[in-house]
There are 4 protein chains.
Amino acid sequence: MHGSLTAPQASSSIDVLDLFRSVRTASRALGRPLSDADATVQSMPDASPAKWHLAHTTWFFETMVLGQHLSDHRIFDPSFNFLFNSYYESIGERQPRPKRGMITRPSLDEIFDYRAHVDAAVERLLMSDPAPEVITLIELGCHHEQQHQELLLTDILHLFAQSPLRPAYRDPSPVAVSAVDQGPAGFSALEGGIVEIGFDGQGFSFDCEGPRHRALLEPFELADRLVTNREWMEFMADDGYRNPLLWLSAGWATVGAEGWTAPLYWRERDGQYWTMTLRGEQPVDPDAPVTHVSYYEADAFATWAGRRLPSEFEWEHAAAGKPLIGNFADSDRLRPRAASPEEAGIRQMYGDVWEWTRSAFLPYPRFKPVEGAVGEYNGKFMSGQFVLRGGSCVTPPGHIRPTYRNFFPPDARWQFSGLRLAEDA
Amino acid sequence: MHGSLTAPQASSSIDVLDLFRSVRTASRALGRPLSDADATVQSMPDASPAKWHLAHTTWFFETMVLGQHLSDHRIFDPSFNFLFNSYYESIGERQPRPKRGMITRPSLDEIFDYRAHVDAAVERLLMSDPAPEVITLIELGCHHEQQHQELLLTDILHLFAQSPLRPAYRDPSPVAVSAVDQGPAGFSALEGGIVEIGFDGQGFSFDCEGPRHRALLEPFELADRLVTNREWMEFMADDGYRNPLLWLSAGWATVGAEGWTAPLYWRERDGQYWTMTLRGEQPVDPDAPVTHVSYYEADAFATWAGRRLPSEFEWEHAAAGKPLIGNFADSDRLRPRAASPEEAGIRQMYGDVWEWTRSAFLPYPRFKPVEGAVGEYNGKFMSGQFVLRGGSCVTPPGHIRPTYRNFFPPDARWQFSGLRLAEDA
Amino acid sequence: MHGSLTAPQASSSIDVLDLFRSVRTASRALGRPLSDADATVQSMPDASPAKWHLAHTTWFFETMVLGQHLSDHRIFDPSFNFLFNSYYESIGERQPRPKRGMITRPSLDEIFDYRAHVDAAVERLLMSDPAPEVITLIELGCHHEQQHQELLLTDILHLFAQSPLRPAYRDPSPVAVSAVDQGPAGFSALEGGIVEIGFDGQGFSFDCEGPRHRALLEPFELADRLVTNREWMEFMADDGYRNPLLWLSAGWATVGAEGWTAPLYWRERDGQYWTMTLRGEQPVDPDAPVTHVSYYEADAFATWAGRRLPSEFEWEHAAAGKPLIGNFADSDRLRPRAASPEEAGIRQMYGDVWEWTRSAFLPYPRFKPVEGAVGEYNGKFMSGQFVLRGGSCVTPPGHIRPTYRNFFPPDARWQFSGLRLAEDA
Amino acid sequence: MHGSLTAPQASSSIDVLDLFRSVRTASRALGRPLSDADATVQSMPDASPAKWHLAHTTWFFETMVLGQHLSDHRIFDPSFNFLFNSYYESIGERQPRPKRGMITRPSLDEIFDYRAHVDAAVERLLMSDPAPEVITLIELGCHHEQQHQELLLTDILHLFAQSPLRPAYRDPSPVAVSAVDQGPAGFSALEGGIVEIGFDGQGFSFDCEGPRHRALLEPFELADRLVTNREWMEFMADDGYRNPLLWLSAGWATVGAEGWTAPLYWRERDGQYWTMTLRGEQPVDPDAPVTHVSYYEADAFATWAGRRLPSEFEWEHAAAGKPLIGNFADSDRLRPRAASPEEAGIRQMYGDVWEWTRSAFLPYPRFKPVEGAVGEYNGKFMSGQFVLRGGSCVTPPGHIRPTYRNFFPPDARWQFSGLRLAEDA
């Protein structure tokens with residue numbers, strides 16, 4: 001992912017060792033279903049090869065942590081600094097982003113060796129009673145790697161969708177879909193007023209989640225569930241993709257240039273919509289939340305529905321104090337799920353799809369990037385992007401929190417991105 | 001300009017007749033220094049021919065006002081609806097924007113005839129005791145035309161800058177420049193708190209300036225003058241355009257792709273900087289405000305200076321209650337001026353350059369576009385743009401006010417756009 | 001036009017004075033129906049503004065002739081050397097070709113003054129008993145200008161076709177069209193053998209028309225008339241533009257990328273084809289030769305018809321010894337005409353449309369470009385172009401001869417280009 | 001390679017079985033040094049993945065031979081028809097060429113299984129006394145596969161050159177280079193006259209090599225060796241890449257757009273030129289023939305040298321009757337070699353680099369493409385390409401003959417393409 005990391009509260013080296021091991025093991029597991037070729041190809045300039053994700057996150061530990069703080073560390077391969085630097089201008093030249101897919105060597109197996117080499121060194125460092133800032137830096141690296149875990153999955157999905165064979169990343173058997181229309185979403189009223197926004201100092205966060213500050217909200221209403229595929233098909237049937245009056249000007253231009261007529265990955269076959277998933281091509285589940293839609297589409301849908309998207313502050317205020325319950329707790333994830341009819345209140349806040357907000361990604365008051373290379377920095381991306389909140393079915397569970405600010409350009413569709421409606425009270 | 005118009009308070013038909021006459025006369029005067037060829041050519045897709053501006057503003061009156069409210073109006077030429085519609089999807093097909101420069105006929109003289117034909121009809125309508133909403137609509141048309149007056153000048157400047165002859169739009173004799181370095185800008189402290197933002201209902205405004213609402217500001221400081229060319233040359237001399245750490249990621253990519261090394265129109269000649277102006281090529285005045293810089297450049301400069309750009313709310317709060325005094329009151333305008341050393345307090349708020357703010361152009365709480373064609377609408381542009389405040393040396397004087405929200409994409413440079421620094425208190 | 005000129009036989013200064021006056025007068029007449037705006041706009045990078053054609057041909061005389069050979073000549077305007085140089089690298093920097101349309105000043109009237117200034121000087125020079133090489137150079141300039149006369153007309157047609165008003169360059173009243181299907185073309189058998197090809201040394205020619213040399217031809221057959229619009233409509237009706245097997249690979253890619261479904265300028269309206277002409281939009285005449293087709297289309301048509309295009313040597317051999325009779329002798333030109341049923345033998349060789357041949361534009365044996373600036377040179381264009389033979393309805397009459405080699409890239413359509421079929425005997 | 005195949009003379013099924021086995025074995029061997037990832041990635045739209053070459057050549061046999069002539073053949077995988085069709089429009093839809101690199105599955109091992117499956121079936125068919133046209137078709141497939149063997153190597157070289165690691169396809173140890181300047185090339189005089197050109201009917205050829213026909217040649221001289229890297233460095237030192245007067249117009253535009261300053265793959269390091277080879281990065285050998293230059297560069301070099309390129313007929317006439325001796329007979333190939341000083345006469349005709357000729361790739365007199373899918377056809381590429389003759393250090397030995405016409409666009413550089421000078425006598 002874009003962005004690096006801000007300094008959290010001090011954690012113990014034992015806690016961080018646990019975190020480190022679990023995150024590194026999880027990445028390793030994500031790479032296991034992939035062939036060397038799967039892990040090498042780059043499907044578009046915005047995506048990166050799986051191998052690159054697995055190596056870059058390792059490079060981060062080797063360069064930012066071991067290179068500075070483990071005096072006798074043996075660099076695994078000096079050429080990797082050029083290959084696997086992402087965009088840290090202060091650390092030197094690097095492979096141009098659109099050419100990450102040209103690196104057929106080292107192989108995926110060599111990358112796994114690289115990971116093992118660095119894992120051993122980081123563990124050794126953590127067990128040697130390192131300074132608090134080293135512990136903090138390793139914790140940062142773990143969260144950084146969790147971002148890349150999600151991207152690895154969205155990028156693999158995009159790659160596999162380019163193949164006419166529509167291969168499955170995992171378990172291609174058909175998934176059961178919900179059968180009953182849930183009826184219209186309900187809307188919960190929220191009062192507004194002066195609220196606290198941003199990370200409160202407990203645990204880890206990225207720099208752009210703070211500083212915590214006050215914001216003034218007008219009263220508003222928020223839908224109690226995500227917009228569904230069923231609703232999206234109604235939008236499509238009502239000429240949603242053909243009516244310029246529903247769209248932002250830049251959005252309408254994109255519809256024309258890209259020929260959008262449905263969410264990314266949808267395909268009509270035998271009178272039914274199918275969509276590409278990490279389990280191969282599957283029928284669209286009408287009651288599951290719509291996903292792989294851009295900001296432009298989300299905004300046009302909200303206009304069509306006579307509503308609007310929430311601001312990121314409205315979303316965070318509604319989420320505050322809620323338990324981090326979501327489909328993401330389920331071990332059998334990889335796809336968004338229909339809202340549970342039994343659950344009360346505002347549902348599906350976490351673990352299905354990232355929710356587009358109407359907020360541009362901009363700095364909070366008094367925001368300052370961290371100094372140094374690790375401070376190359378979410379701030380660098382603060383133009384041309386919209387904030388998404390929540391977390392998706394491929395976000396690592398420990399990587400979800402109410403203050404988390406994800407961001408993408410308004411035409412991005414390859415993430416698990418959907419929407420929830422809001423309205424002025 | 002982008003965007004149309006929202007309904008203001010009722011004005012009298014006499015007042016609006018005065019306004020109409022003065023606006024229409026001013027546009028006519030702007031066209032007078034131009035040849036038929038000058039007025040026809042389109043220098044880039046973002047710019048429009050002068051002839052088009054003069055005709056489109058007239059088409060607006062003929063289509064939105066006369067076509068609806070003057071039953072015996074004779075349409076001047078039915079083909080003009082295709083030629084001079086800008087982007088109103090609800091009104092039908094139109095000449096594609098990048099091909100506006102292909103319309104060599106009608107000639108500029110014919111456009112002046114068209115203007116006279118419509119002027120007479122609108123005046124007749126205004127003198128016939130029309131309904132209040134018709135008066136309102138004509139007032140809208142006047143403000144719409146004032147926007148295009150500014151664009152006509154910025155677009156002509158861009159066109160003339162493409163010619164190796166660097167022709168002058170008006171009076172090419174050299175202009176006197178200031179001689180004394182004013183020293184560093186001062187910073188005024190402002191308290192913040194809950195403030196009122198947006199149009200307050202007196203007189204005319206565009207839809208996106210409202211609704212008036214409360215906003216919460218932290219204490220901040222604002223520079224008492226604009227950033228000067230002298231300061232910009234220091235930024236350049238300090239490798240400002242060569243240091244990626246100063247730039248937003250998208251800004252740095254643009255620097256590379258476009259080869260930016262100075263503001264638009266600057267050219268080094270004989271060891272000195274010259275810049276293209278509406279009076280032909282002139283030496284850069286060190287103490288005049290820098291202009292023709294993009295948001296990306298403004299943001300990089302602020303980072304280099306250890307400051308930041310103000311938010312649009314900070315700007316508006318600082319401007320509130322101040323008299324609308326600016327260089328723009330001077331009859332000999334067309335270029336930004338050095339700040340007056342005698343003046344106290346925050347200077348140069350109006351009439352020199354549009355000031356980039358760090359605020360994305362987004363809707364205010366409870367904003368709703370107007371219904372119908374005139375409501376195609378500032379809202380349509382609410383993605384990918386930043387807000388500029390103030391008003392420039394080519395903004396019509398009556399078109400400047402503290403709540404006015406101008407907006408352009410972050411790479412736009414052909415407007416008279418500059419910056420003022422701010423800081424957290 | 002591309003290319004300059006080779007040294008002809010010596011002509012008398014009186015003859016060349018006559019030629020000069022008639023060519024210069026003809027150009028002046030071509031500019032008369034145009035407004036300043038018409039003459040300024042550039043409709044695509046491959047086309048030039050009419051004003052540019054009128055000025056560049058004048059620049060050629062001023063720079064290549066007067067600047068070298070009239071010692072007291074006063075340069076009309078030194079900036080014109082930058083503005084109106086076409087591509088002579090040895091003469092210095094110039095306005096980039098795609099930006100020729102940015103030059104709104106000087107005006108068309110000033111260009112006419114420029115022409116008068118240079119005309120007087122050249123006439124004075126010619127009347128002062130100049131050296132033979134000066135006479136030769138002026139003769140070259142006249143032929144160069146004739147090339148630009150044709151381009152001025154094809155470029156104006158392209159410009160006017162971009163306007164939704166479809167203005168007429170001259171006399172927009174409808175033209176009478178032929179009524180009777182002429183039946184299929186006849187084919188004349190030619191014997192082949194060793195033939196002489198290229199300019200034979202009498203009168204004027206361009207460098208690439210020589211040296212005269214021998215070529216070996218196999219026996220072949222050549223159609224006695226051009227392919228007609230009627231035949232082209234049959235090709236279209238038989239899915240000619242939808243069948244990839246008929247097309248060259250690069251041609252088929254162009255069909256897809258450009259969305260070709262008919263010759264350039266054709267438009268279906270009320271069940272009939274109309275085409276843009278120099279007399280405005282007119283119905284397609286079924287018996288007139290098809291024009292505004294590319295090499296790719298000509299080749300695909302020939303494949304569809306079970307024939308092939310002739311080589312340029314076959315064409316020249318068939319034309320050799322024939323009188324230069326064609327529709328071009330008619331004073332009321334500007335459009336290709338149906339073949340005359342009365343005429344015997346191979347018809348329509350000159351003055352209707354340029355005929356695509358299957359020959360790439362390559363040097364003849366022992367071809368050497370002329371030394372110096374005037375030798376920048378047809379040779380420079382000897383890649384990626386196909387040869388056209390004959391001459392069109394907008395070619396100046398004195399500019400047509402059997403050895404003339406016109407050339408354009410295989411996707412060019414804005415010239416008056418058509419085809420004649422051939423076959424192996 | 002582009003193009004398929006024409007019907008040769010009848011060969012015996014035993015001969016063709018031998019040929020088939022040796023060609024198929026050779027392809028298999030070419031794939032052996034590659035990892036799954038190496039074989040999958042596509043480095044540019046003009047190149048194809050190695051896996052694709054290995055599969056497409058197999059698909060050719062399965063579709064064109066087995067599908068038609070072996071009634072009980074079990075198709076290995078029906079999806080492969082979509083994946084591995086190259087451009088046969090008559091056989092149906094296919095993976096778009098620029099997306100061949102998205103096919104990560106099937107793996108390289110599966111492609112080897114596919115090859116074995118088809119090999120067994122073709123061998124069974126050949127041993128079953130098939131009809132002569134079947135034998136012919138299999139022979140065609142073998143020559144088709146040999147074309148792809150060369151492309152596999154040039155495409156792998158291009159891919160490996162994109163990696164900062166510059167991996168070696170084979171044996172990366174440094175190669176010995178020649179040490180002594182050979183002095184200037186000699187020129188052999190040839191008489192010209194009427195000569196026979198094209199395939200004479202003995203053995204195999206592609207359709208575009210015939211029909212054999214007469215051509216008329218003027219007397220000419222031909223260099224007795226290829227242009228060397230030493231000579232090329234002189235051209236560079238003499239501003240060869242900076243002097244527009246040396247270049248074709250389209251070539252000069254390409255120099256500017258692509259930033260060419262040396263042959264493809266050259267890189268200056270520590271005051272010396274290095275070049276990427278199939279053995280990794282190696283120092284440029286001054287006496288080896290220059291390679292990886294485009295037609296534009298070859299033509300500019302010849303102009304600089306005061307010579308010209310030969311026509312393809314001149315080349316073929318000079319080659320006629322010469323033994324097929326070349327470096328290619330050496331088992332340790334993969335790079336072009338310096339000319340042998342001992343050898344007399346015209347040297348290096350075969351097996352070092354393909355030699356650009358000044359001839360556009362056009363049909364010979366009376367050329368007709370073969371009917372049916374196998375006739376989609378060299379003829380399809382007969383625009384925008386120049387002919388190369390000879391054969392390179394990666395051309396399979398049995399695939400070289402004097403009448404062979406290779407062809408590429410004038411800006412192509414990734415083939416082993418060089419040049420030999422010629423001159424008018």
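This is a predicted model: local features need pLDDT of at least 70, side-chain atom pairs count only at pLDDT 80 or more; totals for chains, interfaces and linings use all residues.

**Entry 1: Tyr265(B).** I began in the loop between α7 and β5 (266-269) of chain B, where Tyr265(B) is found. Phi of Tyr265(B) is near 80°, which is positive, and the residue is not a glycine. I noted it since most residues other than glycine have a negative phi. Is Tyr265(B) buried or exposed? Its relative accessible area is 10%, and the cut-off for buried is under 20%, so Tyr265(B) counts as buried.

**Entry 2: Arg366(D).** Next I looked up another positive phi, this time in chain D. Arg366(D) has a phi of about 70° and is not a glycine either. I found Arg366(D) in the loop between β8 and β9 (386-389) of chain D. With 34% relative accessibility, Arg366(D) is partly exposed.

**Entry 3: chains D and C.** Chain D puts 35 residues in contact with 35 residues of chain C. Between them the two chains bury about 2900 Å², and 54% of that is on carbon and sulfur atoms. Which residues of chain D lose the most area to chain C? They are Leu216(D), Glu218(D) and Arg366(D), together 20% of what that side buries.

I then counted the polar features across the interface of chain D and chain C. The rule finds four salt bridges there, and four residue pairs are in polar contact, both residues at pLDDT 80 or more. I looked up a salt bridge of Glu218(D): its partner is Arg214(C), with the closest N and O atoms 3.8 Å apart. On the side of chain D that touches chain C, the elements giving two or more residues are β3 (213-217), α7 (249-258), β8 (354-360) and β12 (422-424). I sorted the residues of that side by class and got 20 nonpolar, five polar and ten charged.

**Entry 4: chains B and A.** The contact takes 35 residues from chain B and 35 from chain A. Chain B and chain A bury about 2900 Å² between them, with 55% on carbon and sulfur atoms. In chain B, Leu216(B), Glu218(B) and Arg366(B) lose the most area to chain A, together 20% of what that side buries. I counted four salt bridges between chain B and chain A. Glu218(B) forms a salt bridge with Arg214(A), at 3.9 Å between the closest N and O atoms.

**Entry 5: cis peptide bonds.** The bond from Gly210(B) to Pro211(B) is cis, with omega near 0°, and Pro211(B) is found in the loop between β2 (193-197) and β3 of chain B. The bond from Arg105(A) to Pro106(A) is cis too, with omega near 5°. Pro106(A) lies in the loop between α3 (80-84) and α4 (108-126) of chain A.

**Entry 6: a glutamate in chain A.** I finished with Glu297(A), in helix α8 (residues 295-304) of chain A. Glu297(A) is buried, at 0% relative accessible area. What does the side chain of Glu297(A) make a polar contact with? The partner is the side chain of Tyr241(A), at 2.5 Å. Leaving aside neighbours within four places in sequence, the contacts of Glu297(A) include Trp232(A), Trp247(A), Trp260(A) and Arg413(A).

Methods: Residues are numbered from 1 along each chain as its sequence is written. Chains are lettered from A and ligands numbered from 1 in the order in which they are written. Side-chain values use heavy atoms; hydrogens and water are left out. Contact means heavy atoms within 4.5 Å. Buried area is the accessible area (1.4 Å probe) that two parts lose on being put together, summed over both. A salt bridge is a side-chain nitrogen of Lys or Arg within 4 Å of a carboxyl oxygen of Asp or Glu. A polar contact is a pair of N or O atoms within 3.5 Å; within protein, one must be able to donate a hydrogen and the other to accept it, and residues adjacent in sequence count only if both atoms are side-chain atoms. Helices (H or I, at least four residues) and strands (E, at least two) are DSSP runs, numbered from the N terminus. Ala, Val, Leu, Ile, Met, Phe, Trp, Tyr, Cys and Pro count as nonpolar, Asp, Glu, Lys and Arg as charged, and the others, Gly among them, as polar. Buried means under 20% relative accessible area, exposed over 50%, partly exposed in between (1.4 Å probe, protein chains only).
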